[in-house]
Amino acid sequence: MIFDFLEVLVNAGFWAATIRIACPLLLATLGELMCERAGVLNLGIEGIMSIGAMVGWTAVYMGADLSTGVMAAALIGAAFGLVHAGFTVYLGASQHVTGIGITLFASSIGYFAFRLLLPSSTTPPKITAFQPIDIPVLSDLPFLGEAFFQHTAFTYLAFLAVPFVLWLMNRTPFGLAVKVAGENPMALEAQGIDVLGVRTLAVIIGSALMALGGAYLTMSAFDAFYFGMVNGRGWIAVALVIFASWRPSKALLGALLFAGLDAYQVRAQQLAGAIVPYQFFLMMPYLLSIVAMVVAAKSTRYPKALLTPFRRGERH
Amino acid sequence: MSPLLEVSNIRKSFGSLHANRDISFTVNAGEVLAILGENGAGKTTLMNIIFGHYLADEGTVQCAGRELRRGDPRAAIDAGIGMVHQHFTLAENLTVLENTLIGTQSLWRPMLSTGDARRKLFTLADQFGLEINPDGYVNQMSVGEKQRLEILKTLFNDCRLLILDEPTASLTPQESNGLFKSIRKMVSSGLGVIIISHKLNEIIKISDRIIVLRAGETVGSVRTADANKRQLGEMIVGQKISRPVRRSSRMFAPKIELENICTRKSKSQVANLKNIDLTVRGGEIMGVVGVAGNGQQSLAEVLSGHGRPTSGKVIIKGVKALEYTPMSFMEAGVAYIPEDRNNDGIVGDMSVWENAVLTETGNADLVGRMAMVRTSRCRSTAEKICSANDVRFQSINQPARLLSGGNIQKLLIGRWFARAPEIIVACQPSRGLDEGAISGVHRSLLAARSGGAAVVLISEDLDEILALSDNIIVMYDGYGSAAFENRNVDIATLGMMMAGDGFHAV
Amino acid sequence: MRFEVRETIPQWLPWLAVAGAGIGTMCFAAILIATAGASPLAGFKELFIGAFGSRNAITETGATATPLIFTGLAAAIAFRAKFWNIGAEGQLYAGALAVTYFGTGLIELPSFLMIPFLLIVACVAGGLTLLPMVLLRQFMRVDEVVTTLLTNFVIILLVSYLLDGPWKDPYSLGWPQGAAIIDAGVLPQLVPRSRLHLGFAIAVISAIIIWLVQSRTVFGFSGKAVGLNQSAARHAGIPVTKTIICIGLLSGGMAGLAGASETIGLKGYLTLDLSPGFGYTGIAVAMLGNLHPIGVIFAAIFIAIIYVGADAMSRAIDVPTYLADVIVATTVLAVLIGLVLVRYRVVMRG
């Protein structure tokens, strides 16, 4: 019995599933991380993922090719990022309430539009989603090939987001400005940089990443759009950002660890389903996220200006 | 040749407050212009307008003959203006080099280049005697180092006119002298400098010309060489306000004693307390001096029940404190005037009367049956507190955030002193207040002392400490010196001690 | 264009902002109805007929408003103290679980004792569900938004497990639903042969009591100070943690009552679709009610009109029912804009 539980780890399918499950979490976590490093908590994440999933899928269903679908998802995410930034950065509204409002709004308007475009559907319509790419040599490797080199282009794109965000945050003047905007916005203002602009742009880029995380669900992991399919992944990403101490490399680690546990949980469920009801396995990701937040709660690396709106020309 | 900076007819108001009225002046290359005035006179507002943080309602700023674009710090920087703000504008989680690079390269460049910057930083540091480690993290630097970095940032941007806003506010006397040396070097290399201060002595030492602001208006402009100290002093304040004088008074039994107090290392870069012993008697004002961040805040927290020591004893009126909560200390007779009166003192969005009775939620006179608030009694109590302490307001129902800094502080002191406290912990009680309010605060503290209360006065303002304290301790890196009597103090020694002289090697 | 802080805020201004937000939302809804290819006027007509057009419609609106008043109060109480409880959905189910546990035969009391008893256990269950998140926030600085949100998923899965297994009603013909509440525990109807039950009256009374507590008692005074400036309240000797814990228990308790009133008032048994997101809608209700308990009553009725009316409208003119959810979400955002305009005045110069 115990042997069965360990055997899962040497199963290439388990590792392949881990990679697949990690993708949407990774994109969403990196997106949230961008926003928070700029000082803006984006709780619109759950809704932005949902509308990204819907728009990307619908674009392809309406006849666009897959890459256009991905672009469309990123654009709708960016648009909602702009709305969130408009509220929190320019108007200085509560980041908590705005985020919840954006989540409610993005998901409900997404469902509304989906129903308008596809009024009657007894069985969910499907698209031809991204297919695994065959990489010469690598895909044929025993074990490693199946685990890591038989994935879709979208999967590799998701993992390429890590070096992209690392480069953006640590190697460019813009990334430096983002970090300063989240730490002490006056330091930007005093150097003549538009704090609100930097924050807004960071939120837009971050929200586009979140939307891609959602689109991964409908365009690579599955091939259909369901209501409620994001199912809390956005909230889990918010917890992962804290777990990752706001660092992109640790976000990758966190997403993989989390996805690994999730993939393991599905297999353990098959082995132990008779004894432990499936609902308890499904609870694991949410409970683990709470645990991850508690573990990381003592971290002092949080951006010091997180949640604090910046207003020019106001007396401090 | 046109002057380096020409400011003409600046006017700015915030709501009903006139911060600047029709201010004009010029600065030339190679001179130090001092802008003198008490807190709230409009000095910082004026500088923020020149640098583009604020939009003036009227008036222009010209740099080397060309008018600056209004409300744009970038325009000021490009024109060669650099500003060192009183509250440093540094990102604490980044390195010195990264902080220097902010805003120096286009945001759209794909790569941040650092090599040239590092070389330039070294050259500048060497040229002006501003030693710094480019790879050090800002959150591990002292106040003096942070200030050097701020000046280097402006020099890095090829600044020709440097604005220093209250640069010596939290420096030791020795660090201030180092700063003045660097200023001299900059001026001799052709820079113009504007220095803002309310400290007369320093200004006379460093400046070439002085402009005095009062209530937003220019009230005087003199060459430092011709300046008369007494005359300047009167110009700053307007009418003659004298601060109260401490007279000798009787001391009673110890009210509060700390024995070998240690506190946990805090996550911020502020020092934790190490083996502090302190006794404050009734009728005594104990002054605590030190450079900011050397444990004064932790000391205030332990004395007021806001912080729990990891070891050691707090003894209040002979009884060892068992419970460390603000409430239990309040019940034992402690009153705590926190440093940040806007965030830790008042609830800005509650009314004046609600703030006046905020400490009285356990007061049986003000709370009726079923824990109902007796509103009319609360209001009359609040009115009494306000009139006794000269708190001025339009309506007792207006939100407290609309009060001026001085009135907020008088309200806070009033509500605490209405409890007849026996132990008073006051942190920077007069920081940012105008002269009238400062003398009011000082009078209250001295009155409490003659009434037999024990007062712990924590301040970075040496003049205040020397004027009010009976005894003084110096704090450095969480250690406290032995208390010594005020009359035996010499400022140079005090300054050396604030810089760590005489404390054990750590 | 820039913002300038208002020096004084007239009492009526926040209410004007909230009303403006409601009107703005309806304008946006009109655009959506037009987008769907229907006439907005006809749409609103159907909506109001659906919500008011008959005795049945009016009682239905009241029945829908009932849980919304409770969850609206849950959000309003917590938000006023800047405690972002987004977990009302989970706390609602916790209350429903509690009444199912005690109300399906475990304890039998006469009706006048049984109903208060069930309401109290639901209140306690809701409060206790939120308590760990309050403690984590106060003692370990764990952000409560994410923990309360995640807890919603956990509790709903727990309900699913219980209704699938141990608590499944053997007579339910395979449907996952709990056993029926005993007759003594069922809330009487306010209007005969309708779904409007005593829960509505209890909700309104709760709102009034909370309003009195907030505006008249020391607890309300402390809570206001804690919400507006926690640090200043602590420095003034107000027991901040204790106050927040009490606020959390009260907030969770209200959400628990929502679950109880739906279970023992409307349905008579626990199901997995007891709440179509009342917990989340409560946030919109609280915002629209200006976080004021009495405002919450009217906001809940307004939102209930939208829900009940949108259902009728979508049947009549073929606009997706999700329109109601869009309206609710838009309300939150519109009120946020309104509140910014309450605090700041827009200046069109410089």
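Read along its sequence, chain A goes α-α-α-α-α-α-α-α-α-α-α-α-α. That's 13 helices and zero strands. Keep in mind that this is a predicted model.

**Chain A overall**
- With a radius of gyration of 20 Å, close to the 20 Å that the globule rule gives for 316 residues, chain A is as compact as a globular protein of that length.
- Picture a box of roughly 65 × 45 × 40 Å along the principal axes: the C-alpha atoms of chain A fill it.
- Of the 316 residues in chain A, 54% count as buried.
- Take the contacts in chain A between residues at least 6 apart in sequence: 80% of them join residues at least 24 apart.

**Where chain C touches chain A**
- Chain C brings 36 residues to this contact, and chain A brings 34 residues.
- On the chain C side, the elements giving two or more residues are α5 (111–140), α6 (144–164), α11 (278–288) and α13 (322–343).
- The largest share of that side, 12 residues, comes from α13(C).
- Sorted by class, the chain C side has 30 nonpolar, four polar and two charged residues.

**Two helices packing in chain C**
- Helix α3 (residues 55–80) of chain C packs against α11(C) at an angle of about 65 degrees, and their axes are 7 Å apart.
- The crossing of α3(C) and α11(C) is right-handed.
- Among the residues making this contact are C:Leu68 and C:Phe79 of α3(C), along with C:Phe278 and C:Ile283 of α11(C).
- By class, the contact of α3(C) with α11(C) has 10 nonpolar, five polar and no charged residues.

Technical notes
Residues are numbered from 1 along each chain as its sequence is written. Chains are lettered from A and ligands numbered from 1 in the order in which they are written. This is a predicted model: local features need pLDDT of at least 70, side-chain atom pairs count only at pLDDT 80 or more; totals for chains, interfaces and linings use all residues. Two residues are in contact if their C-beta atoms, placed from the backbone, lie within 7 Å. Helices (H or I, at least four residues) and strands (E, at least two) are DSSP runs, numbered from the N terminus. Ala, Val, Leu, Ile, Met, Phe, Trp, Tyr, Cys and Pro count as nonpolar, Asp, Glu, Lys and Arg as charged, and the others, Gly among them, as polar. Axes are lines fitted to C-alpha atoms, for helices over the stretch in contact, and angles run from 0 to 180 degrees between N-to-C directions. A crossing is left-handed if the near helix is turned anticlockwise from the far one by less than a right angle, and right-handed if clockwise. The radius of gyration is taken over C-alpha atoms; the globule rule is 2.2 Å times the number of residues to the power 0.38. A residue is buried if 20 or more other C-beta atoms lie within 10 Å of its own, exposed if 12 or fewer, and partly exposed in between; C-beta atoms are placed from the backbone.
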